[in-house]
Amino acid sequence: MTKISVPALPAETAGATDGSPHLSSTSALFWLKTTDPDMEVPVLGEGTDARAIVPEGERFRPLREQLKSQGVAVRTVKYWLEREAIRGTVTQRGGWDLVSHSTTSLFGEDGSRVSVRHDGVAAAVARDVFASLWETAAPEAHEFSDSAPAEDIVPSTWLPYLPHETLNPAQVQAAPSLLTGNENVLVVAPTGAGKTTIGMLAALRAVLGEGRKAAWLVPQRSLTEELDRELEAWRERGLRVERLSGERSIDVERVRDADLWVTTTEKFEVLSRTSSMREALGKVGCLIVDEVHLLGDPERGPVLEALLARVREEGSDVRIVGLSATVSNADQMSDWLRARLVRIAWRPSRLTWQLPSVPASADRHVTQAARTRVTNAIVSMVTADGGSVLVFCGSKHSVRSTALALAASRGVNTNGVRPDDAGRLRQVSQAAGIGLHYKDWEYKREAEQAFRSREIDVLVATSTVAAGVNLPARAVVVRDTQIGLRGVDVATVQQMFGRAGRVGAGEREGWAFMIVDASERAYWQEQLNGGYTVNSQISTTLPDHVLAEAVQLRIRTLADVERWWLGTLAYHQGNRSMEPLRRAVDFLVGADYLSLTEDAEGRTVIRPTELGVLTTRVMVPTDTGYQLRMGVAQAALPTDASEAESRLIELVSTLVPKLAKAPLAENLKPAVESLLRADGHLSRVGDDTGIGDDTGRAATDYAPGHLARASLLAVANSPHDFARPRRQFASIPHSAMYPVLEDAPRFLHWLGSQGPLGTIHPWVAVVAADLSRRIRWRRCAPPRGSGRLLWMCEQMATPLHAAQVVPQMWIAARERGLADPEWLTRTPPRGCRLEAISYAGLLRERVLAAELLPRPDGSVTCRAAGRVLATWRGTTHRSTVTQQAEVDGVFPAAGNNFRGAGEQGAGETGAVVFSRRGDYRATGWLGTYSGVQPGGR
């Protein structure tokens with residue numbers, strides 16, 4: 001039996017907070033949340049505002065009756081788990097002295113529940129959260145506003161394009177602002193309020209009402225796919241809808257002709273930086289930005305802010321319609337966007353959220369086990385009542401281990417099943433009625449469908465589902481307070497909570513649980529009570545955006561840079577210093593991304609260099625690019641191709657943060673170390689890598705970048721193993737390697753494209769160009785030296801058809817015995833998508849063997865005009881554009897970075913000829929990359 005005392009409080013408490021919502025004129029306060037049916041009800045003094053929230057059910061009927069007999073107002077909540085008591089007295093100044101005591105949902109290591117005391121601000125927040133919950137739990141609290149027929153609000157010609165014949169209350173409230181006037185609009189509404197239809201209204205006005213284009217930005221690729229499906233009916237009615245995302249090739253003509261673009265923010269920014277798309281972009285009348293509150297996201301926010309700062313400029317005729325989750329500074333956001341604010345409170349279902357807590361422990365395994373027990377208990381409670389549950393985890397490994405634990409709790413035999421064994425995990429999960437969902441899970445579509453159809457009642461997922469995949473459930477459990485290596489933000493938690501409530505299934509209530517440890521509870525109460533605050537993140541990547549504006553010729557002088565800064569959210573939020581801008585420009589100039597000159601009027605003029613243009617076009621972060629260039633400049637000169645590839649892969653894997661920080665489960669680290677010891681030769685590893693048996697040594701040996709190194713070396717040195725789909729390589733799941741293999745080619749391509757620019761050593765450019773294509777087209781099993789032939793196939797296929805045509809052309813070329821693009825016939829091969837004149841131009845861009853002539857004395861001659869001839873001596877190199885049909889190469893003298901005669905590669909000379917379009921030929925060991933090496937298919 002729990003006994004709760006109500007001791008007298010001191011006259012003053014540090015941090016006391018005045019004001020109290022929904023309180024009557026009383027002198028004392030006692031608000032209680034409990035899950036103990038046998039608790040001893042305290043005796044309360046006269047004038048005490050006493051309230052209690054207790055679980056539903058017959059088991060708690062005696063407690064409810066006893067509380068009421070003591071004058072305590074009682075409300076019941078289904079699936080209730082929290083324990084907390086809030087006490088307060090009125091101070092002499094009319095404020096409140098408050099103290100809260102929260103108790104963990106589980107017992108601690110000593111067998112008792114852990115209680116945490118708070119006063120001051122934390123206690124006031126606890127009171128406010130209780131007050132909000134009290135209102136939510138009122139029987140009459142959720143009055144459902146009337147919907148309205150769509151035909152009463154929108155033009156009749158639009159009706160076939162809308163998903164429903166009626167508009168819900170949120171859509172009815174937003175419609176007038178969207179259908180009248182031309183000012184920007186910011187719609188702030190809870191998750192699940194129907195913001196997609198609100199976005200449709202904005203797009204229809206632009207396309208059907210004004211005859212202009214619309215662009216709809218979403219934060220993730222998966223969301224472009226889902227929105228694209230929802231807009232299929234628009235295509236059937238003749239509207240031209242184009243989906244644009246990173247993994248899809250672009251038909252420029254179709255994009256130009258489209259009425260509506262559905263795209264990620266990053267892809268839209270790429271289009272903005274593409275000169276061939278500028279005219280089409282100028283015809284956009286409405287820019288719909290889904291999840292615009294992600295302006296505050298450290299990763300996605302800076303690009304979105306730079307884009308919106310550009311679009312919202314004075315005189316722009318592009319209307320911005322922002323769709324946002326509930327945020328605390330909506331007024332500030334709307335002011336910056338110069339937008340009319342539409343603040344919507346309506347939600348289709350009543351949402352009750354809780355923070356069940358577990359004891360804090362220095363032992364991570366103890367805390368994780370406690371989170372799993374609470375998750376199991378919530379899932380069991382809700383599903384026993386016929387409900388469905390979405391469980392959100394912070395990593396793929398957490399998804400797998402949680403699904404396995406839930407399956408075991410449901411009576412399925414999981415003995416011997418490891419979380420990383422995808423096949424067995426899927427079997428036991430299916431048997432338990434559980435699905436898994438994360439980016440690389442090959443059965444995620446199957447799990448989505450099964451969860452929608454209620455073939456399974458539990459889905460364990462990462463935050464991808466929260467971000468927009470429409471899979472509502474009766475209850476949501478946020479198991480982890482970290483996503484990967486960083487803490488989850490309140491906006492993401494709100495999105496997760498928003499999935500609770502299955503309106504489509506006739507349910508009007510949803511329950512959300514975030515499992516926290518006792519030390520986190522007060523923090524999360526404050527965060528969820530106050531809501532998400534959008535704060536600018538652009539300062540973290542300021543050089544990237546200054547460079548992008550310069551490349552697009554929107555910034556031409558230092559004064560332009562300052563004027564651009566005035567339009568950012570960062571400036572609007574009070575960051576008025578120009579010093580970060582000056583540092584950004586200084587960095588860009590020092591790193592050779594920008595050049596500064598003076599015009600006739602004495603103004604400082606900013607011009608992007610060729611390297612700056614390349615960096616912006618490929619969207620390589622400027623700091624990452626600088627670190628890569630410094631790293632390869634300091635690297636020792638390789639003596640053969642194997643050494644060169646190993647060295648370059650190590651540099652890229654460790655210097656590109658996205659690759660260096662690629663996540664990996666602890667039990668897989670020994671497998672990665674085994675593959676590294678084999679230099680990526682899968683045949684030398686074997687099947688027995690001791691996964692799970694040597695995690696201690698893995699923790700010592702494993703370092704950032706090791707997963708990327710092992711993955712890239714495997715493709716480089718075991719190409720034939722990637723010819724067919726496999727679930728794992730040397731016991732490393734393909735899902736763990738996949739993100740690295742998708743991201744790395746972009747950075748290698750950036751390095752390879754610098755060959756004609758002369759900004760890096762020629763060996764780096766040639767090896768990077770070869771590796772980038774071998775990794776991208778790994779399903780073709782291309783061996784060393786395949787880069788040039790793959791380059792030719794890419795050029796002939798064109799970007800739109802590359803995914804399908806390049807493998808076909810590669811196979812045909814290899815079957816004909818071709819090792820490079822230097823065939824004699826002038827007739828385009830089968831599958832070539834270029835017109836005859838373009839194909840003839842491509843042939844001229846090939847660097848033929850006769851163009852690079854080594855002489856007996858060690859010198860070289862380039863026999864072609866318009867090429868870039870790069871020569872080197874040791875680590876010193878120089879580049880010359882050939883103006884004549886025959887140019888003798890001059891090897892540079894030793895520079896400051898020239899090593900002494902005793903060092904490896906000191907005094908070694910070599911040469912490469914580059915064409916501007918991307919082909920090359922080299923002398924010495926670098927000549928290995930002139931064609932497919934013998935033995936490769």
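Leu852 stands opposite Cys862 in β31. This pair belongs to a predicted model. Three bridges join β30 to β31, which covers residues 860-862. The two strands run antiparallel.

## Strand β32 and its two partners

Strand β32 spans residues 868-873. Five of its six residues are buried, so β32 is largely enclosed by the rest of the structure.

One partner of β32 is β33, residues 876-881. The pairing is antiparallel and runs over six bridges. Arg873 has Thr876 in β33 as its bridge partner. Together β32 and β33 form a hairpin, with two residues between them. Gly874 sits in the turn and has a positive phi of about 60°.

Strand β35, residues 909-914, also pairs with β32. Six bridges join them, and they run antiparallel. Here Trp872 stands opposite Gly910 in β35.

## Helices α18 and α22

Now to the helices. Two packed helices are described by the angle between their axes and the distance between the axes. Helix α18 covers residues 542-551, and helix α22 covers residues 610-618. They pack at an angle of about 110°, with their axes 9 Å apart. Angles of 65 to 115 degrees count as roughly perpendicular, and α18 and α22 are therefore roughly perpendicular to each other.

Which residues meet in this packing? From α18 come Leu547, Ala548 and Val551. From α22 come Gly612, Val613, Thr615 and Thr616. By class, the contact of α18 with α22 has four nonpolar residues, three polar ones and no charged ones.

## A closer look at Leu547

Leu547 lies in helix α18. Is Leu547 buried or exposed? Its relative accessible area is 1%. Buried means under 20%, so Leu547 is buried.

What does Leu547 touch, leaving out residues up to four places away in sequence? Its contacts include Gly612, Thr615 and Thr616, which are among the α22 residues that meet α18. Leu547 also touches Leu588, Tyr593, Leu594 and Thr622. Leu588 is 41 residues from Leu547 along the chain, yet their C-alpha atoms are separated by 7.5 Å.

## Helices α16 and α17

Helix α16 covers residues 490-497, and helix α17 covers residues 521-530. The angle between them is about 75°, and their axes are 10 Å apart. That makes α16 roughly perpendicular to α17.

In α16, the residues in contact are Val490, Val493 and Phe497. They meet Trp524, Gln527 and Leu528 in α17. The residues of this contact divide into five nonpolar, one polar and no charged. An α-helix has 3.6 residues a turn, so residues three or four places apart point the same way.

## Helix α29

Helix α29 runs over residues 734-752 and has 19 residues. How far does α29 reach from its first C-alpha to its last? The span is 26 Å, close to the 27 Å expected at 1.5 Å a residue. Helix α29 is mostly covered, with 14 of its 19 residues buried.

Terms used
Residues are numbered from 1 along each chain as its sequence is written. This is a predicted model: local features need pLDDT of at least 70, side-chain atom pairs count only at pLDDT 80 or more; totals for chains, interfaces and linings use all residues. Side-chain values use heavy atoms; hydrogens and water are left out. Two strands pair if DSSP finds at least two bridges between them. Helices (H or I, at least four residues) and strands (E, at least two) are DSSP runs, numbered from the N terminus. Axes are lines fitted to C-alpha atoms, for helices over the stretch in contact, and angles run from 0 to 180 degrees between N-to-C directions. Angles under 35 degrees count as roughly parallel, over 145 as roughly antiparallel, 65 to 115 as roughly perpendicular and the rest as oblique. Contact means heavy atoms within 4.5 Å. Ala, Val, Leu, Ile, Met, Phe, Trp, Tyr, Cys and Pro count as nonpolar, Asp, Glu, Lys and Arg as charged, and the others, Gly among them, as polar. The expected span of a helix is 1.5 Å times one less than its number of residues. Buried means under 20% relative accessible area, exposed over 50%, partly exposed in between (1.4 Å probe, protein chains only).
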